[in-house]
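Morning, everyone. I have one structure to walk you through today.

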Amino acid sequence: MGDLTVVCLNWREYLGRGAEYVGKLRRGVERHLTVPYRFVEVTERDLPEGRTGWFNKLFLFEMFDGDVLYLDLDVILTANIDHLVYLARTDRTRIWARDDWSYPATNPQHGREATINSSVLLWHGRKEMRVTERMLRET
């Protein structure tokens with residue numbers, strides 16, 4: 001089935017309480033994920049210098065081989081999440097994410113392009129993928 005890496009991003013000690021949030025997330029994953037995994041906290045020291053904000057998440061796509069489950073630090077798990085991992089493994093060519101249907105500027109019901117909520121992401125990573133810098137230039 002392949003290895004699973006559970007990743008969180010603690011950028012600049014998130015809200016001054018990053019270690020606390022990482023600990024809570026780690027304990028939530030321990031309680032609600034029975035699929036074998038390794039837990040990785042990524043900080044600004046692990047990312048290219050000069051990048052800030054949301055776009056740092058893009059670099060995560062190039063940091064890991066195998067199945068990756070990304071969780072924002074403010075995610076609270078309340079039930080088992082094994083089904084998410086199994087769903088993502090049905091098609092490893094996709095990035096699995098929730099539609100951000102609440103975002104009014106890109107609501108597909110109004111004929112606009114859809115966006116995703118990036119709080120929970122699943123993908124199959126390949127470190128040799130070097131597309132982030134190009135993607136950032138094109139945005």
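Let's begin with a single residue, Thr78. Thr78 sits in the loop that links β3, residues 66-71, with α3, residues 82-88. A word of caution before I go on: this is a predicted model.

Is Thr78 buried or exposed? Thr78 has a relative accessible area of 70%. The cut-off for exposed is over 50%, so Thr78 counts as exposed. Now look for Arg31. Arg31 and Thr78 are 47 residues apart along the chain. Their C-alpha atoms are separated by 9.0 Å.

Now the wider view. The chain has 139 residues, and 42% of them count as buried. The secondary structure comes to 4 helices and 5 strands. Follow the sequence and you read β-α-β-α-β-α-β-β-α. Next, contacts. Take those in the chain with a separation of 6 or more: 74% of them come from residues 24 or more positions apart.

On to the sheet. In what order do the strands lie? The order is β2-β1-β3-β5-β4. These 5 strands form an open sheet, and the pairing is mixed. Which strands stand at the edges? They are β2, residues 38-43, and β4, residues 96-99. Each has a single partner strand, so one side of each is left without a neighbour in the sheet. From one strand to the next, the twist averages 25°.

Let's walk across the sheet, pair by pair. Start with β2 and β1. They pair in the parallel sense, over 6 bridges. For a landmark, take Leu9: its bridge partner in β2 is Val42.

Next comes β1 with β3. Strand β1 covers residues 4-10, and 4 bridges join it to β3. These two strands run parallel. Here Val7 stands opposite Tyr70 in β3.

Then β3 with β5. Strand β5 covers residues 116-125. How do β3 and β5 run, parallel or antiparallel? They run antiparallel, joined by 6 bridges. I have two landmarks for this pair. Leu71 stands opposite Val120 in β5. Val68 has Trp123 as its bridge partner in β5.

Last pair: β4 with β5. These strands are antiparallel too, with 4 bridges between them. The landmark is Ala97, whose bridge partner in β5 is Leu121.

Stay with β3 for a moment. How many of its residues are buried? The count is 6 of the 6, so β3 is largely enclosed by the rest of the structure.

What lies across the sheet? Helix α1, residues 18-32, lies across β1, β2 and β3. Its direction is at about 155° to β1.

Now for empty space. Rolling a probe the size of a water molecule over the atoms shows where such space is left. How many cavities of 30 Å³ or more are there? The count comes to 1. The volume of the largest cavity is about 30 Å³. Which residues line it? They are Leu4, Asp67, Val68, Val85, Ala88, Arg89, Leu122 and Trp123. β3, α3 and β5 each supply at least two residues of that lining. By type, the lining divides into 6 nonpolar, no polar and 2 charged.

One more stop: the loop between β1 and α1. First, some background. Most residues other than glycine have a negative phi. Now find Glu13, which is in this loop. Its phi is near 50°, a positive value in a residue other than glycine. Leu15 is in the loop between β1 and α1 as well. Phi of Leu15 is near 55°, again positive, and again not in a glycine.

How accessible are they? Glu13 has 35% relative accessibility, so it counts as partly exposed. Leu15 has a relative accessible area of 62%, so it counts as exposed.

To recap. We have an open sheet of 5 strands with mixed pairing. Helix α1 lies across β1, β2 and β3. The residues of β3 are buried, 6 of the 6. And the loop between β1 and α1 holds Glu13 and Leu15, with positive phi values near 50° for Glu13 and near 55° for Leu15. Thanks. Over to you.

How values were computed:
Residues are numbered from 1 along each chain as its sequence is written. This is a predicted model: local features need pLDDT of at least 70, side-chain atom pairs count only at pLDDT 80 or more; totals for chains, interfaces and linings use all residues. Side-chain values use heavy atoms; hydrogens and water are left out. Buried means under 20% relative accessible area, exposed over 50%, partly exposed in between (1.4 Å probe, protein chains only). Two strands pair if DSSP finds at least two bridges between them. On a 1 Å grid over the protein atoms alone, a cavity is a set of points where a 1.4 Å probe fits but cannot get out, and a pocket is an open set with protein on both sides within 12 Å along at least five of seven lines; lining residues have an atom within 4 Å of a point. Grid points are joined across faces, edges and corners, and a volume is the space filled by probe spheres set on the points. Ala, Val, Leu, Ile, Met, Phe, Trp, Tyr, Cys and Pro count as nonpolar, Asp, Glu, Lys and Arg as charged, and the others, Gly among them, as polar. Axes are lines fitted to C-alpha atoms, for helices over the stretch in contact, and angles run from 0 to 180 degrees between N-to-C directions. Contact means heavy atoms within 4.5 Å.
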